[in-house]
Amino acid sequence: MISPAVATRAAVRAVRPPSPTQRSPRLTLRGWLAVLAVTAFGGFIRFWHLGTPGTLVFDETYYVKQGWSMIEAGYELAWKGKGEEVDPLWNRGDTDVFLSTPDFVVHPPVGKWMIGLGEWIFGPTSAFGWRFASAVVGTLSILMIILIARRLFGSTLLGLTAGLLLAIDGQHFVHSRTGLLDVFVMFWALAAFGCVVADRDMGRRRLALRAATEFGEFGEGREQRAADSWSWWMGVRWWRIAAAVCLGLCAGTKWSGLYFALVFGIMIILWDAGARRAAGLRHWFAGSVIWGALSGTLMLAVAFATYLLSWTGWFLSSDAYDRRWAQDHPGEGITWLPGALRSLAHYHQQMWDFNINLAATHPYEANPWSWIVVGRPTAFYYEDPKRGELGCAVDVCSQAITALGNPVIWWGATLGIVVLLFCWVLRRDWRAGAVLAGLAAGYLPWFQYQHRTIFNFYTIAFTPWVVLTVVYVLGLILGRRSDSARRRRNGAWIAGTLVLLAVLCFWFFLPLYTAQVIPQPSWSDRMWLPSWI
């Protein structure tokens with residue numbers, strides 16, 4: 001039997017992260033200025049010459065046009081020909097490339113709505129406009145990771161380092177300047193992660209207050225009744241509701257967002273179980289499972305409702321793809337569903353079949369085993385202007401946009417994952433487990449789809465957790481506050497040198513990220529591995 005005093009102290013300890021450092025105080029004015037400065041730097045380099053090149057790049061051919069048709073019709077319209085036929089028209093400013101019939105598309109609408117919003121503001125013929133939303137969420141994700149890392153590691157310095165590293169990662173940088181969907185998957189997944197981390201702190205704080213109320217300030221003067229109960233309810237968890245909305249929007253961009261919902265849901269239950277056990281509740285496992293199931297059901301309902309709302313344009317239309325399928329096929333499909341939902345379910349079945357069975361060959365397809373070590377980056381754009389073209393001053397130049405992760409960050413994270421596994425399994429550090437959860441949700445599911453056509457650029461979805469892996473290791477290198485001054489000084493030199501190398505690496509590869517015209521030999525010098533060409 002655990003005494004009330006012990007239970008109370010354990011509950012209070014549960015509020016604090018198992019970190020050798022104390023939780024950082026509230027951000028001061030100077031701290032906020034530093035946070036905003038790093039965010040502004042990341043935003044500046046993302047918006048600078050955002051409209052270059054002024055043509056559709058890579059899969060922008062799909063999502064930019066689909067984004068505008070969402071604004072015009074509320075759903076995706078078919079084109080007047082293939083991409084190579086209508087893209088030149090679009091690049092010249094002619095948006096009259098749509099038929100009046102709907103198009104079969106294989107991704108939900110959230111990301112396309114977001115791209116369309118930028119086109120609505122700045123016009124669909126503006127390359128700046130169709131990349132505007134990507135640059136906005138790319139910049140906001142820098143701010144989010146600073147605040148999340150600061151909460152995780154209890155250090156403003158490490159939070160700022162996380163923001164800087166995300167700002168100078170090539171994968172994140174290129175996606176923030178391109179009108180594709182995957183940057184929105186990353187954004188909503190990171191937002192959901194921030195919400196569940198905030199919920200962890202809030203839940204444990206409530207648990208400590210409940211323990212203090214039930215047991216007395218020092219565990220005296222009350223009978224120990226609550227300590228034997230599984231029925232403690234910690235109230236409405238608004239951060240979880242917010243996380244559910246974000247996860248619904250994440251899955252509403254691409255279905256790969258569902259894996260983040262699954263992993264984060266498991267993580268929440270495990271965190272609750274650990275908190276209840278630390279608080280001394282006898283039936284801590286039953287309590288965490290029961291309340292976790294109820295909370296999970298509510299989160300699932302909120303996420304599903306959010307996902308359905310993202311299809312509002314499809315529901316309100318009468319001509320969208322498969323919108324009238326139930327009407328034309330009575331008695332088929334899931335017959336107990338209302339007609340509109342039955343049609344949507346049939347549409348989703350077709351989307352699923354396409355995504356699972358996609359097996360077309362592509363020169364830049366990459367097996368997920370090579371992703372974490374940047375084995376085969378995706379070339380979004382490449383031209384070889386000759387002397388006198390586009391400012392080329394030599395015989396042959398290169399103009400490229402390559403979704404290449406910063407090698408210092410990604411190769412460092414490859415080693416850092418081993419450190420995280422050690423600290424999570426042997427030291428039971430929840431922060432290492434949280435970072436690994438984000439990596440697992442965004443990365444591991446792709447190993448079951450090695451038979452289909454997949455690309456390295458999908459890694460943008462878990463790039464923030466790659467950065468957090470590096471920052472976690474940098475925190476270990478910096479050392480504890482209780483370490484000697486010499487130990488801390490040496491750690492600072494090593495960590496600072498690694499960050500500086502990452503900055504220099506970003507500067508070196510910047511021409512490959514921004515379609516700068518450079519001599520072809522200079523481009524070749526940046527192709528460090530044969531598989532990058």
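The predictor's confidence in each residue is expressed as pLDDT, on a scale from 0 to 100. Contact means heavy atoms within 4.5 Å. Over residues 221-226, pLDDT stays under 50, and the model has 13 contacts beyond four places in sequence for this stretch. The structure is a predicted model, in which local features need pLDDT of at least 70 and side-chain atom pairs count only at pLDDT 80 or more, while totals for chains, interfaces and linings use all residues. Residues are numbered from 1 along each chain as its sequence is written, and side-chain values use heavy atoms, with hydrogens and water left out.

The protein chain has an average pLDDT of 90. A score of at least 70 is reached by 92% of the residues. Residues 1-22 stay under 50. For them the model has 52 contacts beyond four places in sequence. Helices (H or I, at least four residues) and strands (E, at least two) are DSSP runs, numbered from the N terminus. Among the elements of the protein chain, helix H1 (residues 4-15) has the lowest mean pLDDT, 44. Helix H8 (residues 170-175) has the highest, 98.

Two helix pairs were examined. Two packed helices are described by the angle between their axes and the distance between the axes. Axes are lines fitted to C-alpha atoms, for helices over the stretch in contact, and angles run from 0 to 180 degrees between N-to-C directions. Angles under 35 degrees count as roughly parallel, over 145 as roughly antiparallel, 65 to 115 as roughly perpendicular and the rest as oblique. The axes of helix H3 (60-73) and helix H5 (residues 110-122) come within 7 Å and cross at roughly 75°. H3 is therefore roughly perpendicular to H5. H3 contributes Tyr63, Val64, Gln66, Gly67, Trp68, Met70 and Ile71 to the contact. H5 contributes Lys112, Trp113, Ile115, Gly116, Leu117, Glu119 and Trp120. The contact has 9 nonpolar, 3 polar and 2 charged residues. Here Ala, Val, Leu, Ile, Met, Phe, Trp, Tyr, Cys and Pro count as nonpolar, Asp, Glu, Lys and Arg as charged, and the others, Gly among them, as polar.

Helix H16 (residues 407-425) packs against helix H19 (residues 485-513) at about 135°, with the axes 8 Å apart. H16 and H19 are therefore oblique to each other. Pro407, Val408 and Ile409 of H16 meet Leu498, Leu501, Ala502, Cys505 and Phe509 of H19. The residues of this contact comprise 8 nonpolar, no polar and no charged.

H19 also lies across strands S4 and S5, running at about 105° to S4. These strands belong to an open sheet of 3 strands, in the order S3-S4-S5, with antiparallel pairing. Strand S3 (378-383) and strand S5 (517-519) stand at the edges, each with a single partner strand, so one side of each lacks a neighbour in the sheet. Neighbouring strands are turned by 40° against each other on average, direction ignored. Two strands pair if DSSP finds at least two bridges between them. S3 and strand S4 (residues 397-403) pair over 5 bridges, in the antiparallel sense. Tyrosine 382 stands opposite alanine 400 in S4.

The whole structure holds 53 aromatic pairs. Rings of Phe, Tyr and Trp (its six-membered ring) pair if their centres lie within 6.5 Å; planes under 30 degrees apart count as stacked, over 60 as edge-to-face and the rest as tilted. Phenylalanine 264 and tryptophan 465 form a tilted pair, 6.4 Å centre to centre, with 50° between the planes. Phenylalanine 264 lies in helix H11 (residues 257-278) and tryptophan 465 in helix H18 (residues 463-478), so the pair ties together parts that are 201 residues apart in sequence.

Some backbone features fall in loops. The peptide bond from threonine 52 to proline 53 is cis, with omega near -5°. Proline 53 is in the loop between helix H2 (29-47) and H3. Histidine 49 lies in the loop between H2 and H3. Its phi is positive, about 55°, although histidine 49 is not a glycine.
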